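Please read the points alongside the structure shown here.

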Amino acid sequence: MTPLPDAEAENIMTSQPTTADSTYDVVLVGGGIMSATLGVMLKQLEPNLSIALFGRLDDVALESSNGWNNAGTGHSALCELNYTPMGAGGEIDISKAVNVNEAFQVSRQFWSYLTESGLIASPRDFLNPIAHMSFVWGPENVDFLQRRYNALKDHPLFAGMSYSTDTAQLAQWMPLVMDGRTGGTPLAATHHPAGTDVNFGALTHRLVDILTGGPGFDLNLAHEVTGLRQSGSGWTVSVQGMHDGASRDVAARFVFVGAGGGALPLLQKSGIPEARGIGGFPVSGQFLRCTNPEIVARHHAKVYGKASVGAPPMSVPHLDTRVIDGKEGLLFGPYAGFSTKFLKQGSWLDLPRSIRMDNIGAMLAVARDNMPLTKYLIQQVMQSSEDRMKALRDFVPGARSSDWELITAGQRVQVIKKDPVKGGVLQFGTEVVTGANGTIAGLLGASPGASTAAPIMLSVIQRCFADRLPQWEDRLRKMIPSYGKRLSDDAALCARTRDWTRQTLQLEG
(Lines give C-alpha, C1' and ligand atoms only; values in the text may rest on other atoms or scores of the structure.)
Protein backbone atom coordinates (compact mmCIF):
# COMPACT_ATOMS: atom_id res chain seq x y z
CA MET A 1 0.00 0.00 0.00
CA THR A 2 1.29 3.46 -0.86
CA PRO A 3 2.37 5.39 2.26
CA LEU A 4 0.27 8.33 3.30
CA PRO A 5 1.38 11.80 2.25
CA ASP A 6 3.26 13.70 4.96
CA ALA A 7 0.18 15.67 5.91
CA GLU A 8 -1.75 12.48 6.55
CA ALA A 9 1.12 10.74 8.26
CA GLU A 10 0.93 12.95 11.33
CA ASN A 11 0.38 11.20 14.63
CA ILE A 12 -3.21 10.24 15.22
CA MET A 13 -3.24 12.40 18.35
CA THR A 14 -1.25 15.52 18.90
CA SER A 15 -1.03 15.73 22.72
CA GLN A 16 2.04 13.93 24.07
CA PRO A 17 1.71 11.62 27.10
CA THR A 18 4.07 11.72 30.05
CA THR A 19 7.78 11.42 29.31
CA ALA A 20 8.67 7.75 28.88
CA ASP A 21 11.34 5.54 27.35
CA SER A 22 9.47 5.35 24.02
CA THR A 23 6.37 6.86 22.49
CA TYR A 24 4.05 4.98 20.16
CA ASP A 25 0.87 5.81 18.36
CA VAL A 26 -0.57 2.44 19.36
CA VAL A 27 0.31 -0.08 22.06
CA LEU A 28 -1.19 -3.55 21.78
CA VAL A 29 -1.34 -5.56 25.01
CA GLY A 30 -1.43 -9.32 24.50
CA GLY A 31 0.08 -11.61 21.89
CA GLY A 32 -3.09 -13.25 20.58
CA ILE A 33 -5.30 -13.11 17.51
CA MET A 34 -7.08 -9.91 18.59
CA SER A 35 -4.00 -7.72 18.98
CA ALA A 36 -2.45 -9.14 15.83
CA THR A 37 -5.62 -8.51 13.80
CA LEU A 38 -5.98 -4.93 15.01
CA GLY A 39 -2.30 -4.22 14.38
CA VAL A 40 -2.48 -5.44 10.78
CA MET A 41 -5.71 -3.57 10.12
CA LEU A 42 -4.29 -0.29 11.43
CA LYS A 43 -1.05 -0.69 9.47
CA GLN A 44 -3.02 -1.31 6.28
CA LEU A 45 -5.09 1.80 6.95
CA GLU A 46 -2.21 4.05 7.98
CA PRO A 47 1.24 2.53 7.33
CA ASN A 48 3.15 5.27 9.17
CA LEU A 49 1.63 4.51 12.54
CA SER A 50 4.17 3.43 15.16
CA ILE A 51 2.92 0.30 16.94
CA ALA A 52 4.31 -1.80 19.78
CA LEU A 53 2.99 -5.17 20.94
CA PHE A 54 3.71 -6.46 24.44
CA GLY A 55 3.15 -10.14 25.26
CA ARG A 56 3.97 -11.72 28.62
CA LEU A 57 4.99 -15.12 27.20
CA ASP A 58 8.00 -16.11 25.10
CA ASP A 59 6.00 -16.34 21.86
CA VAL A 60 2.72 -15.10 20.47
CA ALA A 61 -0.44 -17.24 20.48
CA LEU A 62 0.42 -19.37 23.50
CA GLU A 63 -2.83 -18.76 25.38
CA SER A 64 -6.37 -19.02 23.95
CA SER A 65 -5.21 -18.42 20.37
CA ASN A 66 -2.99 -21.52 20.43
CA GLY A 67 -4.18 -24.24 18.06
CA TRP A 68 -4.77 -26.86 20.77
CA ASN A 69 -6.24 -24.41 23.29
CA ASN A 70 -9.49 -24.03 21.35
CA ALA A 71 -11.63 -26.10 19.01
CA GLY A 72 -10.64 -24.08 15.95
CA THR A 73 -14.22 -23.81 14.74
CA GLY A 74 -14.69 -20.96 12.33
CA HIS A 75 -17.85 -20.01 14.20
CA SER A 76 -20.42 -19.33 11.52
CA ALA A 77 -23.51 -20.83 13.25
CA LEU A 78 -23.69 -23.59 10.65
CA CYS A 79 -23.65 -26.23 13.38
CA GLU A 80 -23.80 -24.54 16.80
CA LEU A 81 -27.31 -25.25 18.11
CA ASN A 82 -27.08 -22.77 20.99
CA TYR A 83 -27.23 -19.92 18.45
CA THR A 84 -30.77 -20.92 17.40
CA PRO A 85 -32.97 -21.22 20.51
CA MET A 86 -36.52 -22.50 20.21
CA GLY A 87 -39.33 -20.44 21.71
CA ALA A 88 -42.26 -21.72 23.75
CA GLY A 89 -44.38 -21.90 20.62
CA GLY A 90 -41.84 -23.98 18.72
CA GLU A 91 -40.51 -21.10 16.62
CA ILE A 92 -36.77 -20.95 15.98
CA ASP A 93 -35.00 -17.63 16.57
CA ILE A 94 -32.23 -17.39 13.96
CA SER A 95 -31.21 -13.78 14.68
CA LYS A 96 -28.07 -14.67 16.66
CA ALA A 97 -27.06 -17.30 14.10
CA VAL A 98 -27.37 -14.72 11.32
CA ASN A 99 -25.28 -12.19 13.26
CA VAL A 100 -22.56 -14.73 14.04
CA ASN A 101 -22.39 -15.92 10.43
CA GLU A 102 -22.37 -12.34 9.18
CA ALA A 103 -19.44 -11.58 11.46
CA PHE A 104 -17.47 -14.61 10.28
CA GLN A 105 -17.95 -13.53 6.67
CA VAL A 106 -16.14 -10.29 7.58
CA SER A 107 -13.21 -12.34 8.89
CA ARG A 108 -13.20 -14.37 5.67
CA GLN A 109 -13.11 -11.17 3.62
CA PHE A 110 -10.19 -9.79 5.63
CA TRP A 111 -8.22 -13.02 5.24
CA SER A 112 -9.03 -13.06 1.52
CA TYR A 113 -7.75 -9.51 1.16
CA LEU A 114 -4.48 -10.43 2.87
CA THR A 115 -4.13 -13.48 0.63
CA GLU A 116 -4.81 -11.57 -2.59
CA SER A 117 -2.39 -8.86 -1.47
CA GLY A 118 0.36 -11.43 -1.07
CA LEU A 119 0.67 -10.75 2.66
CA ILE A 120 -0.42 -14.30 3.42
CA ALA A 121 1.29 -16.79 1.12
CA SER A 122 -1.13 -19.66 1.56
CA PRO A 123 -4.44 -19.79 3.45
CA ARG A 124 -3.79 -23.50 3.95
CA ASP A 125 -1.25 -22.50 6.58
CA PHE A 126 -4.12 -21.76 8.96
CA LEU A 127 -7.45 -22.55 7.26
CA ASN A 128 -8.92 -25.83 6.00
CA PRO A 129 -12.35 -26.78 4.64
CA ILE A 130 -14.15 -29.02 7.15
CA ALA A 131 -17.87 -29.77 6.92
CA HIS A 132 -19.93 -28.46 9.83
CA MET A 133 -22.67 -30.71 11.15
CA SER A 134 -25.31 -30.76 13.86
CA PHE A 135 -26.20 -34.21 15.22
CA VAL A 136 -29.04 -35.08 17.60
CA TRP A 137 -30.94 -38.11 18.80
CA GLY A 138 -34.35 -38.62 20.41
CA PRO A 139 -37.77 -37.48 19.09
CA GLU A 140 -37.75 -34.00 20.68
CA ASN A 141 -34.25 -33.17 19.49
CA VAL A 142 -34.96 -34.47 15.99
CA ASP A 143 -38.03 -32.23 15.85
CA PHE A 144 -35.93 -29.27 16.99
CA LEU A 145 -33.28 -29.89 14.34
CA GLN A 146 -35.90 -30.20 11.61
CA ARG A 147 -37.39 -26.85 12.68
CA ARG A 148 -33.93 -25.28 12.80
CA TYR A 149 -33.11 -26.53 9.32
CA ASN A 150 -36.40 -25.21 7.93
CA ALA A 151 -35.71 -21.80 9.49
CA LEU A 152 -32.17 -21.56 8.04
CA LYS A 153 -32.13 -23.38 4.70
CA ASP A 154 -33.50 -20.53 2.58
CA HIS A 155 -31.40 -17.79 4.17
CA PRO A 156 -28.60 -16.62 1.82
CA LEU A 157 -25.95 -17.02 4.52
CA PHE A 158 -26.88 -20.66 5.07
CA ALA A 159 -27.48 -21.73 1.48
CA GLY A 160 -26.15 -25.23 0.86
CA MET A 161 -27.25 -26.79 4.16
CA SER A 162 -28.65 -30.34 3.99
CA TYR A 163 -30.79 -32.29 6.48
CA SER A 164 -31.29 -36.02 6.84
CA THR A 165 -32.66 -38.71 9.12
CA ASP A 166 -31.52 -41.49 6.79
CA THR A 167 -28.89 -43.64 8.52
CA ALA A 168 -27.14 -44.43 5.24
CA GLN A 169 -26.72 -40.72 4.53
CA LEU A 170 -25.58 -40.08 8.08
CA ALA A 171 -23.02 -42.87 7.75
CA GLN A 172 -21.67 -41.24 4.61
CA TRP A 173 -21.36 -37.87 6.34
CA MET A 174 -19.84 -39.18 9.59
CA PRO A 175 -18.80 -42.85 9.41
CA LEU A 176 -16.97 -42.87 12.74
CA VAL A 177 -20.03 -41.51 14.54
CA MET A 178 -22.40 -44.03 12.97
CA ASP A 179 -20.17 -47.09 13.25
CA GLY A 180 -21.53 -49.49 15.88
CA ARG A 181 -24.64 -47.42 16.53
CA THR A 182 -27.67 -49.60 17.26
CA GLY A 183 -31.12 -48.84 15.82
CA GLY A 184 -34.29 -47.82 17.58
CA THR A 185 -33.41 -44.22 18.46
CA PRO A 186 -34.43 -41.49 16.01
CA LEU A 187 -31.36 -39.69 14.64
CA ALA A 188 -30.99 -36.53 12.56
CA ALA A 189 -28.17 -34.35 11.27
CA THR A 190 -27.55 -31.27 9.21
CA HIS A 191 -24.51 -30.93 6.99
CA HIS A 192 -22.88 -27.87 5.47
CA PRO A 193 -19.79 -28.20 3.25
CA ALA A 194 -18.72 -24.55 3.74
CA GLY A 195 -17.46 -25.07 7.28
CA THR A 196 -13.85 -24.44 8.25
CA ASP A 197 -11.20 -25.46 10.73
CA VAL A 198 -9.00 -22.54 11.75
CA ASN A 199 -5.61 -22.76 13.42
CA PHE A 200 -5.73 -19.39 15.15
CA GLY A 201 -2.23 -19.87 16.49
CA ALA A 202 -0.83 -20.20 12.98
CA LEU A 203 -2.93 -17.25 11.80
CA THR A 204 -1.66 -15.10 14.67
CA HIS A 205 1.92 -15.90 13.65
CA ARG A 206 1.20 -14.97 10.03
CA LEU A 207 -0.30 -11.64 11.11
CA VAL A 208 2.61 -10.86 13.40
CA ASP A 209 4.98 -11.74 10.53
CA ILE A 210 3.20 -9.10 8.43
CA LEU A 211 3.77 -6.54 11.17
CA THR A 212 7.41 -7.40 11.83
CA GLY A 213 8.10 -7.40 8.10
CA GLY A 214 7.41 -3.68 7.85
CA PRO A 215 8.66 -0.50 9.52
CA GLY A 216 7.27 1.10 12.64
CA PHE A 217 6.50 -2.04 14.62
CA ASP A 218 8.17 -3.28 17.81
CA LEU A 219 7.49 -6.80 19.07
CA ASN A 220 8.19 -7.17 22.80
CA LEU A 221 7.79 -10.75 24.02
CA ALA A 222 8.32 -11.85 27.64
CA HIS A 223 7.16 -8.40 28.72
CA GLU A 224 4.20 -8.01 31.05
CA VAL A 225 2.15 -4.84 31.16
CA THR A 226 1.76 -4.12 34.88
CA GLY A 227 -0.02 -0.79 34.81
CA LEU A 228 -1.92 1.75 32.74
CA ARG A 229 -2.36 5.37 33.74
CA GLN A 230 -3.76 8.27 31.82
CA SER A 231 -1.28 10.97 30.88
CA GLY A 232 -2.50 14.00 28.98
CA SER A 233 -4.67 12.68 26.17
CA GLY A 234 -2.76 9.39 26.06
CA TRP A 235 -1.41 6.69 28.34
CA THR A 236 1.68 5.69 30.21
CA VAL A 237 2.10 1.94 29.98
CA SER A 238 4.24 0.28 32.67
CA VAL A 239 6.07 -2.81 31.48
CA GLN A 240 8.20 -5.40 33.27
CA GLY A 241 10.54 -7.94 31.71
CA MET A 242 9.50 -11.49 32.59
CA HIS A 243 13.08 -12.79 32.66
CA ASP A 244 15.20 -9.91 33.95
CA GLY A 245 12.55 -8.10 36.01
CA ALA A 246 13.53 -4.75 34.46
CA SER A 247 10.76 -2.14 34.51
CA ARG A 248 10.15 0.72 32.11
CA ASP A 249 7.40 3.02 30.94
CA VAL A 250 6.31 3.63 27.38
CA ALA A 251 3.89 6.27 26.18
CA ALA A 252 0.95 5.52 23.91
CA ARG A 253 -1.64 7.66 22.22
CA PHE A 254 -3.95 4.65 21.98
CA VAL A 255 -3.93 1.37 23.94
CA PHE A 256 -5.71 -1.84 23.04
CA VAL A 257 -5.96 -4.44 25.79
CA GLY A 258 -6.34 -7.77 24.00
CA ALA A 259 -4.85 -9.94 26.73
CA GLY A 260 -7.61 -12.56 26.91
CA GLY A 261 -8.48 -13.26 30.52
CA GLY A 262 -5.81 -10.77 31.55
CA ALA A 263 -7.75 -7.90 30.00
CA LEU A 264 -10.13 -7.32 32.93
CA PRO A 265 -7.45 -6.65 35.59
CA LEU A 266 -5.66 -4.22 33.27
CA LEU A 267 -8.86 -2.36 32.42
CA GLN A 268 -9.56 -2.12 36.15
CA LYS A 269 -6.06 -0.68 36.69
CA SER A 270 -6.66 1.88 33.95
CA GLY A 271 -9.30 3.56 36.11
CA ILE A 272 -11.67 4.25 33.23
CA PRO A 273 -15.29 4.55 34.41
CA GLU A 274 -16.43 2.16 31.69
CA ALA A 275 -14.63 -0.73 33.44
CA ARG A 276 -16.27 -0.10 36.79
CA GLY A 277 -18.78 -2.69 37.92
CA ILE A 278 -17.54 -5.38 35.55
CA GLY A 279 -16.50 -8.74 36.96
CA GLY A 280 -15.19 -11.95 35.50
CA PHE A 281 -16.14 -15.59 35.91
CA PRO A 282 -13.33 -17.94 34.84
CA VAL A 283 -14.18 -21.27 33.21
CA SER A 284 -11.53 -23.81 32.37
CA GLY A 285 -11.96 -26.64 29.91
CA GLN A 286 -10.51 -29.94 28.78
CA PHE A 287 -10.71 -31.99 25.60
CA LEU A 288 -10.09 -35.60 24.69
CA ARG A 289 -7.66 -35.74 21.78
CA CYS A 290 -7.03 -38.57 19.33
CA THR A 291 -4.10 -38.67 16.92
CA ASN A 292 -4.41 -42.34 15.89
CA PRO A 293 -4.23 -42.08 12.06
CA GLU A 294 -6.67 -44.97 11.51
CA ILE A 295 -9.37 -43.31 13.60
CA VAL A 296 -8.64 -39.76 12.43
CA ALA A 297 -9.02 -40.86 8.80
CA ARG A 298 -12.62 -41.95 9.46
CA HIS A 299 -13.92 -38.56 10.54
CA HIS A 300 -13.72 -35.35 8.55
CA ALA A 301 -16.20 -32.92 10.08
CA LYS A 302 -17.05 -30.80 13.08
CA VAL A 303 -20.12 -32.41 14.63
CA TYR A 304 -22.00 -30.43 17.28
CA GLY A 305 -24.67 -31.78 19.61
CA LYS A 306 -26.93 -30.17 22.21
CA ALA A 307 -25.70 -28.87 25.54
CA SER A 308 -26.74 -30.57 28.76
CA VAL A 309 -29.34 -28.86 30.91
CA GLY A 310 -27.60 -26.22 33.04
CA ALA A 311 -24.45 -26.26 30.92
CA PRO A 312 -23.02 -22.96 29.63
CA PRO A 313 -23.17 -22.43 25.85
CA MET A 314 -19.41 -22.87 25.54
CA SER A 315 -19.84 -26.46 26.80
CA VAL A 316 -21.83 -27.73 23.83
CA PRO A 317 -20.37 -31.21 23.11
CA HIS A 318 -18.68 -31.59 19.75
CA LEU A 319 -16.39 -33.95 17.86
CA ASP A 320 -14.00 -31.94 15.74
CA THR A 321 -11.48 -32.60 13.03
CA ARG A 322 -8.46 -30.40 13.73
CA VAL A 323 -5.62 -29.59 11.36
CA ILE A 324 -2.59 -28.33 13.27
CA ASP A 325 0.67 -27.77 11.41
CA GLY A 326 -0.52 -29.93 8.55
CA LYS A 327 -1.44 -32.92 10.73
CA GLU A 328 -5.02 -34.01 11.36
CA GLY A 329 -6.36 -34.98 14.78
CA LEU A 330 -9.67 -35.23 16.58
CA LEU A 331 -10.94 -33.32 19.60
CA PHE A 332 -13.98 -34.15 21.70
CA GLY A 333 -15.39 -32.00 24.47
CA PRO A 334 -15.22 -29.61 26.07
CA TYR A 335 -15.38 -30.83 29.63
CA ALA A 336 -15.90 -27.74 31.71
CA GLY A 337 -14.08 -27.05 34.93
CA PHE A 338 -13.37 -24.24 37.32
CA SER A 339 -10.15 -22.45 38.08
CA THR A 340 -9.54 -19.09 39.70
CA LYS A 341 -6.93 -18.34 37.03
CA PHE A 342 -7.84 -15.83 34.31
CA LEU A 343 -5.16 -17.22 31.99
CA LYS A 344 -3.96 -20.77 31.44
CA GLN A 345 -0.52 -19.57 32.55
CA GLY A 346 -1.96 -17.16 35.07
CA SER A 347 -2.18 -16.92 38.85
CA TRP A 348 -4.58 -18.65 41.25
CA LEU A 349 -5.11 -15.18 42.73
CA ASP A 350 -6.51 -13.72 39.47
CA LEU A 351 -10.16 -14.07 40.51
CA PRO A 352 -9.87 -12.77 44.10
CA ARG A 353 -7.70 -9.87 42.96
CA SER A 354 -10.38 -8.85 40.44
CA ILE A 355 -13.07 -8.43 43.09
CA ARG A 356 -13.72 -4.77 43.82
CA MET A 357 -16.35 -2.87 45.77
CA ASP A 358 -17.91 -1.78 42.48
CA ASN A 359 -18.38 -5.33 41.12
CA ILE A 360 -18.82 -7.56 44.17
CA GLY A 361 -22.60 -7.01 44.22
CA ALA A 362 -23.00 -8.14 40.63
CA MET A 363 -20.73 -11.15 41.22
CA LEU A 364 -22.70 -12.25 44.29
CA ALA A 365 -25.97 -11.84 42.39
CA VAL A 366 -24.66 -14.03 39.58
CA ALA A 367 -23.55 -16.67 42.10
CA ARG A 368 -27.04 -16.61 43.61
CA ASP A 369 -28.90 -16.86 40.30
CA ASN A 370 -26.72 -19.45 38.58
CA MET A 371 -26.89 -22.44 40.89
CA PRO A 372 -27.55 -24.87 37.98
CA LEU A 373 -24.30 -23.69 36.38
CA THR A 374 -22.45 -24.09 39.67
CA LYS A 375 -23.84 -27.61 40.06
CA TYR A 376 -22.86 -28.42 36.48
CA LEU A 377 -19.29 -27.21 37.00
CA ILE A 378 -18.95 -29.24 40.22
CA GLN A 379 -20.17 -32.35 38.37
CA GLN A 380 -17.70 -31.72 35.57
CA VAL A 381 -14.78 -31.27 37.97
CA MET A 382 -15.70 -34.53 39.75
CA GLN A 383 -15.85 -36.55 36.52
CA SER A 384 -13.73 -39.66 36.22
CA SER A 385 -11.96 -40.66 33.01
CA GLU A 386 -14.68 -43.27 32.47
CA ASP A 387 -17.35 -40.55 32.80
CA ARG A 388 -15.59 -38.58 30.07
CA MET A 389 -15.37 -41.66 27.84
CA LYS A 390 -19.09 -42.30 28.35
CA ALA A 391 -19.86 -38.83 27.00
CA LEU A 392 -17.54 -39.45 24.05
CA ARG A 393 -19.27 -42.75 23.27
CA ASP A 394 -22.54 -40.86 22.72
CA PHE A 395 -20.75 -39.56 19.62
CA VAL A 396 -18.33 -42.43 18.91
CA PRO A 397 -19.92 -45.67 20.17
CA GLY A 398 -16.75 -47.70 19.59
CA ALA A 399 -14.31 -45.27 21.23
CA ARG A 400 -11.47 -46.90 23.17
CA SER A 401 -9.79 -45.14 26.08
CA SER A 402 -6.34 -46.08 24.81
CA ASP A 403 -6.87 -43.94 21.67
CA TRP A 404 -7.72 -40.72 23.51
CA GLU A 405 -5.71 -38.43 25.80
CA LEU A 406 -6.94 -35.64 28.03
CA ILE A 407 -5.60 -32.15 27.27
CA THR A 408 -6.27 -28.81 28.93
CA ALA A 409 -7.82 -26.06 26.82
CA GLY A 410 -7.34 -22.33 27.11
CA GLN A 411 -8.88 -20.43 30.00
CA ARG A 412 -12.03 -18.38 29.38
CA VAL A 413 -13.38 -15.51 31.47
CA GLN A 414 -17.08 -14.74 31.08
CA VAL A 415 -18.25 -11.18 31.67
CA ILE A 416 -20.33 -10.27 34.71
CA LYS A 417 -22.16 -6.95 34.56
CA LYS A 418 -24.48 -5.03 36.82
CA ASP A 419 -28.19 -5.36 36.15
CA PRO A 420 -30.84 -3.02 37.58
CA VAL A 421 -33.31 -5.87 38.10
CA LYS A 422 -31.22 -8.95 38.94
CA GLY A 423 -28.24 -7.15 40.43
CA GLY A 424 -25.86 -8.88 38.07
CA VAL A 425 -25.90 -11.01 34.92
CA LEU A 426 -23.44 -13.49 33.46
CA GLN A 427 -22.84 -12.80 29.78
CA PHE A 428 -21.67 -15.29 27.18
CA GLY A 429 -19.89 -13.93 24.17
CA THR A 430 -17.50 -11.03 23.71
CA GLU A 431 -17.73 -7.37 24.63
CA VAL A 432 -15.62 -4.38 23.67
CA VAL A 433 -15.04 -1.81 26.42
CA THR A 434 -13.85 1.60 25.27
CA GLY A 435 -12.93 4.73 27.19
CA ALA A 436 -15.03 7.82 26.62
CA ASN A 437 -12.25 9.69 24.80
CA GLY A 438 -11.46 6.76 22.49
CA THR A 439 -7.83 6.38 23.61
CA ILE A 440 -8.25 2.92 25.15
CA ALA A 441 -10.22 -0.19 24.32
CA GLY A 442 -10.26 -3.73 25.67
CA LEU A 443 -11.92 -6.99 24.77
CA LEU A 444 -13.63 -9.16 27.36
CA GLY A 445 -15.41 -12.50 27.11
CA ALA A 446 -15.06 -15.64 25.04
CA SER A 447 -16.82 -17.51 22.21
CA PRO A 448 -17.18 -16.86 19.30
CA GLY A 449 -14.13 -14.67 19.94
CA ALA A 450 -11.30 -15.52 17.57
CA SER A 451 -13.60 -16.41 14.68
CA THR A 452 -14.96 -12.90 14.69
CA ALA A 453 -11.68 -11.09 15.38
CA ALA A 454 -11.91 -9.02 12.18
CA PRO A 455 -15.38 -7.53 12.80
CA ILE A 456 -14.62 -7.01 16.50
CA MET A 457 -11.45 -5.10 15.68
CA LEU A 458 -13.34 -3.20 12.99
CA SER A 459 -15.73 -2.06 15.72
CA VAL A 460 -12.75 -0.92 17.81
CA ILE A 461 -11.53 1.16 14.86
CA GLN A 462 -14.98 2.65 14.32
CA ARG A 463 -15.31 3.61 17.98
CA CYS A 464 -11.80 4.85 18.68
CA PHE A 465 -10.68 6.27 15.34
CA ALA A 466 -13.93 7.86 14.22
CA ASP A 467 -12.18 11.04 13.10
CA ARG A 468 -10.03 8.99 10.67
CA LEU A 469 -12.86 6.96 9.13
CA PRO A 470 -13.60 9.37 6.25
CA GLN A 471 -9.94 9.12 5.12
CA TRP A 472 -9.85 5.36 5.68
CA GLU A 473 -13.17 4.45 4.06
CA ASP A 474 -11.77 3.44 0.66
CA ARG A 475 -9.10 1.28 2.28
CA LEU A 476 -11.65 -0.31 4.57
CA ARG A 477 -13.71 -1.29 1.53
CA LYS A 478 -10.62 -2.87 -0.05
CA MET A 479 -10.08 -4.93 3.09
CA ILE A 480 -13.77 -5.65 3.69
CA PRO A 481 -15.74 -5.28 0.40
CA SER A 482 -19.06 -5.51 2.27
CA TYR A 483 -18.03 -2.70 4.68
CA GLY A 484 -21.10 -0.66 5.64
CA LYS A 485 -23.51 -3.33 4.35
CA ARG A 486 -25.08 -6.52 5.66
CA LEU A 487 -24.82 -9.63 3.50
CA SER A 488 -28.02 -10.93 5.06
CA ASP A 489 -29.89 -8.00 3.49
CA ASP A 490 -28.53 -8.52 -0.04
CA ALA A 491 -28.66 -12.05 -1.44
CA ALA A 492 -26.71 -11.15 -4.58
CA LEU A 493 -23.91 -9.45 -2.63
CA CYS A 494 -23.88 -12.37 -0.21
CA ALA A 495 -23.46 -14.88 -3.06
CA ARG A 496 -20.68 -12.85 -4.72
CA THR A 497 -18.81 -12.36 -1.46
CA ARG A 498 -19.05 -15.99 -0.42
CA ASP A 499 -17.89 -17.11 -3.85
CA TRP A 500 -14.92 -14.73 -3.80
CA THR A 501 -13.76 -15.78 -0.34
CA ARG A 502 -14.36 -19.47 -1.13
CA GLN A 503 -12.11 -19.31 -4.17
CA THR A 504 -9.43 -17.10 -2.61
CA LEU A 505 -9.24 -19.14 0.60
CA GLN A 506 -9.51 -22.47 -1.27
CA LEU A 507 -12.65 -23.54 0.57
CA GLU A 508 -15.69 -25.58 -0.38
CA GLY A 509 -19.42 -24.96 -0.52
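**Strand pairing, cores and rings**

1. Gly-285 has Ala-336 of β15 as its bridge partner. Strand β12 (residues 279-290) and β15 pair in the antiparallel sense over six bridges; two strands are taken to pair if DSSP finds at least two bridges between them. Strands here are DSSP runs of E with at least two residues, numbered from the N terminus.

2. On the basis of the note: this is a predicted model, in which local features need pLDDT of at least 70 and side-chain atom pairs count only at pLDDT 80 or more, while totals for chains, interfaces and linings use all residues. Residues are numbered from 1 along each chain as its sequence is written, and side-chain values use heavy atoms, with hydrogens and water left out.

3. Strand β15 (residues 327-337) is mostly covered, since nine of its eleven residues are buried. Buried means under 20% relative accessible area, exposed means over 50%, and partly exposed lies in between (1.4 Å probe, protein chains only). Seven bridges join β15 to strand β14 (residues 318-324), and the two run antiparallel. Within this pairing, Thr-321 has Leu-330 of β15 as its bridge partner. The hairpin of β14 and β15 has two residues between the strands, and Asp-325 takes a positive phi near 55° there.

4. Strand β4 (residues 131-137) has six of its seven residues buried, so it is largely enclosed by the rest of the structure. Four bridges join β4 in parallel to strand β13 (residues 301-304), where Val-303 is the bridge partner of Met-133. Six bridges join β4 to strand β6 (residues 187-192) in the antiparallel sense, and Leu-187 of β6 is the bridge partner of Trp-137.

5. Which residues touch the most other members of the largest nonpolar core? In this core of 56 residues, they are Phe-110, Trp-111 and Phe-256. A nonpolar core is a set of buried Ala, Val, Leu, Ile, Met, Phe, Trp, Tyr and Cys residues joined through side-chain atoms within 4.5 Å. A second, separate core of 40 residues includes Phe-54, Leu-228, Trp-235 and Val-433.

6. The structure holds eleven aromatic pairs. In one of them, the rings of Phe-104 and Trp-111 have centres 5.9 Å apart and planes at 80°, so the pair is edge-to-face. Rings of Phe, Tyr and Trp (its six-membered ring) pair if their centres lie within 6.5 Å; planes under 30 degrees apart count as stacked, over 60 as edge-to-face and the rest as tilted. Both Phe-104 and Trp-111 are buried. Ring pairs also link Phe-135, Trp-137, Phe-332, Tyr-335 and Phe-395 into a cluster.

7. The structure holds zero disulfides, a disulfide being a pair of cysteine sulfur atoms within 2.5 Å. For Cys-290, the nearest cysteine sulfur is that of Cys-79, 20 Å away. Cys-290 is buried, with a relative accessible area of 0%, and Cys-464 is buried at 9%.
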